[in-house]
Amino acid sequence: MATEVQPDHIEQQPVEDAAEPTRTDRIKTAFKEQYGHASARGKDWLAGGDLDQVDVIQYATQRKQGKRDEKLARQQRTVAEAHGRFAHAKMQAEEGESAGRGMLASLGGRVAAEESKLAALQATPVLPPTDREIAAARTSKKAGRAAIVAAGGFGSLSVLGAAIEQAATGQPLLLGVVTTAAGYGWYLLSRPFVARGKEGVAPFVPAPSLPATFQAESAGGATPIVGGNVVMSVEQLPDEGKPFPIRDARTAEQLAQCVLLAARAENVPIVEVSDVTRQPWGWQCTVRVGEGTPEAIIDKSGDLETRFDLPTNGVRPQPLKVRRACAVLRLVDGDPFASAPGLPRRAPKSLSITDAFRIGTSVGGDPLELSLAGVMGLWVAASGGGKTGILQALAEGVTACRDNITIDLDPFGDGLEDLGDAVRITGRSNEQIEAVLLFFLVMAKGRARLRAKLGMGKKWQPSPERPAVTIFFDELPKASALAKRLYNDLLLVGRKELIVVEAASQGGQSTYLGANIAQMVALKAVGPCKVEDTRSVFGDGSVKEGYLPHKLSPATQTDPKDAGHIFIQGVPGKADEPIEYAIHEVPSAVLRQLGQERLEAGLLDPDQDSLDAMRTVDLPEYVEAVYDNDGNLKKPAPVELLTWEQLLKLCGAEPAAGADLTDGPARAAVEDSVTVMEKAGVDRMKTEPLLAAVRDYDPDAYGEMTVDEFKALMKQAGAGAPVTLGEMDGEKNPRGFKRDRLRHLL
C-alpha cells in the first residue's frame, strides 16, 4: 500500500495572542520612563547644561564687579581712617605736643599714599571676564545647585514628617499641599528630555563682542601697555567746561578733566588722559596728543602751570619712546624726592668696580644705579648746581671697591674733600694735575699692549692685584691747556684699560672743555644750567625730546633748590629717557668716617706689570722737549713722566707699600709726631698744636721751625699735606695729621 505523501506546506493554526500587560505593569513602565527623564534632567541641571554661555559671562562679570566694589569700599574706609589719624595728629601738633608734630609728616604721607591707591582703583575699569573666570563662574553655579539639592533633600524629610503627623491628628491640609506640590514637581521633572550640548545638536552661541585684548588673559610676565587705563578723552568733556586749579581735583576723573580743559584752553593737542595716580608730591598721569608730538606740552608748560596754579617747573612732561604720541605728565606741588631712601652704608672693599651702585632716585621713585667700570663721564652744572656733591656720591661708591684706585684732581677747589683719606693721590696745582694725567695716559697705552700677554682679551680685567683707576677731575675749565689736552687724549684710550675720568664742568661747550667733546663722552649728565649747555651735551633736538635741566634752579647761600638734580644719558643697562634724578648727598661727617675706614683697610697701588709696560711706550710729542739742529735745548718738556714713587711724593701722598723712609730730619719729624701723640693719648692732632708739642719734646730741632717749614718736612717724609680730621675742639673740620697714617710711613 503506497505511502501517503505529505504536502511541503501545511497551514499552521494561529497562535493564541500574548496576554495584555496589566495596569500595574503599565504603571511601572511609565514610571521607569518618567524616572529616566527626571534623572537625565536632574543630572543635566546639576552639570549646568541649561546655562547659556552669555548668561554665564554676565554672571562672571557681576562677580568681578562685586569684588571690585568690595575692594573699593575697603579702600575708602582706609582713606577715611588715615584722614582721621592725620586730623588728630594735626590737632596735637597745633597744641604743641612733640609726638603730634613727629607723627604729622608720616601720617600725611600715608594719607597721600592711600588716596593714590584709591584713585588708581577708581581709575581702573572692570575688564570683561577671562575664559578662566567664566569657567570658575560656571563651576560656582554648579556647586550652588548641588548645595540646593542637598539642602532640599534634608528639608523635604522634615516637611513630610510634619505633614504626616498633622494628618494623623485629623489635619490633612498640609499633607494635601505637600502631595500636590510633589506631584506638580514630578510632572515638570519627568517630561520628555532631550540632552543639550552634544556636538551638532546644540544651537550655536556667538562669542561676546569684546575687544581683542579682552578675549583672554595676558601672557605671564607681559609688560602692561603704557597709557592703557584710559580715564577720560577729550570727547567726554562738557561743552561749557572751564579750566580750574589742580588743587580742586580729588579723583582721577577730576584730574583728567582738569588736564584736558587746561590743554584745550592753551591749544595743546592732548586728546586722552590715562594711568592717573595720586602722589605725595602731586599727580602723575599719561597723556596722548592727537597730532604732532608731546613737544607742544613742553612749549606750553609755563602757561599750563598758570592754568593749574602750580609753582614754576611744576609741569614736568616726560615724552615716551615706546609710544611717540604719549608723555608721562607730572604735576608737582611738593618735593618729589622727599621720601627717597638714603644710601646704604658700604663697608670697605665690599664692592667691585664692575658692580652697579646706587647714587640717586628718579622723580618717579626709581633708583639710579650705575657702574663706572670703563665708563668715561662728563657732569655739567652751573655754579651752585651740585657738581661737588655729585662727584662725592660717585667717589663714595668707587672708594668702597676692592679693585680700584681713586684719584682726585681739582685746579680750583677742594675736590672730593671729605673723602680725602680714601683717595690715593690728590692733585691741586697745575704741575701735579699735568703729571698725574700724563702718568695714567702712558699707563693706558702700556696696558693696551699688555692685555694680550696677560690673557685678558679685549678689556682690562680688574682685580685687587691689577686694579682699575678712576680719576675725578673737578673744575675742568680751570685746568691748564696742557691738562685739557692730556685729558682729551685719555678719553680716547683709557676706557678699555679701565683708566677712566669723571670730569665736572660749569658748561658743556668747547669754551669750557677745550674742545667740542661733550657729545663724544659715553656717560653725560646735566644739572641746573643754560639751555645752550643742554643742547651742547645732549644734542640740538634734546629740548624737544624733554631734556630740561635748564629749567632747574641752582642753589643759593641759604636755599639748596635743585642742586644735585640732573638729567642723564649713557647709564650702562638703562635706556636714555628724559627723566629728572636727584643725586643723594652724603653728609660730610659720614664721608669723613667712611674715608678713614677705607684708609685703614688699605689703599691700592698700580700693579708692577702696568708700571713696567709704561717703559715701552712713546710719549706724546707735545710733552717732549724740543732741540735745535745742533742738539741744543730749544724748549724744555712742559711736563715730565715720573715714576709712581716720584708722583706720590710730588702730590704729597703716602709712599707706596714697602718704600723706605731713610734716616734724616723728615723721618725724625714723623717719629717725633707719633711719639707726642701716643704720650698725649690721641690719634690725631691739628698742625699747630702738633708743632707746639714736638717743640716741647725736642726744642733744639723744632724751636725755630715755622708751620710752613714743618708741613714741608712732613710732606718730604711722605705724609702729604694736612688732612681733614673731623669735628674736634669745637671746629667742624680742622686739618692736621693722623697718628696711624704717620705710623704707616715708618
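D408 sits in strand β9 (residues 404–409), with helices (H or I, at least four residues) and strands (E, at least two) taken as DSSP runs numbered from the N terminus. The model is a predicted one, so local features need pLDDT of at least 70 and side-chain atom pairs count only at pLDDT 80 or more, while totals for chains, interfaces and linings use all residues. Residues are numbered from 1 along each chain as its sequence is written, and side-chain values use heavy atoms, with hydrogens and water left out.

At a relative accessible area of 3%, D408 is buried (under 20%; exposed is over 50% and partly exposed in between, with a 1.4 Å probe and protein chains only). Its side chain reaches the backbone nitrogen of L416 at 3.2 Å. Leaving aside residues up to four places away in sequence, D408 touches a set of residues including D414, G415, L416, R428 and F472; contact here means heavy atoms within 4.5 Å.

Strand β9 belongs to an open, mixed sheet of 10 strands, ordered β7-β6-β15-β14-β13-β8-β12-β11-β9-β10, where two strands pair if DSSP finds at least two bridges between them. The edges are β7 (367–370) and β10 (425–427), each pairing on one side only. Neighbouring strands are turned by 25° against each other on average, direction ignored. Inside the sheet, β8 (residues 377–380) and β12 run parallel, joined by 4 bridges, and G377 stands opposite E502 in β12. Helix α9 (residues 387–398) packs on this sheet, with β6, β8 and β9 among the strands it touches, and its direction makes about 140° with that of β6. Helix α13 (residues 531–538) also packs on the sheet, touching β8, β13 and β14, at about 170° to β13. For these angles, axes are lines fitted to C-alpha atoms, for helices over the stretch in contact, and values run from 0 to 180 degrees between N-to-C directions.

Then there is helix α11 (residues 481–493), whose buried residues, among them L482, Y487 and L491, pack against α10, β11, β12 and α12.

A second open sheet has 5 strands in the order β1-β2-β3-β5-β4, with antiparallel pairing. Its edge strands are β1 (230–233) and β4 (315–319), and the twist averages 25° from one strand to the next. Strands β2 (residues 270–279) and β3 (residues 282–289) share 7 bridges, and I270 has V289 of β3 as its bridge partner. Helix α6 (residues 252–265) lies across β1, β2, β3 and β5, running at about 140° to β2.

Note on methods:
Polar contact = N/O pair within 3.5 Å; in protein donor to acceptor, adjacent residues only side chain to side chain.
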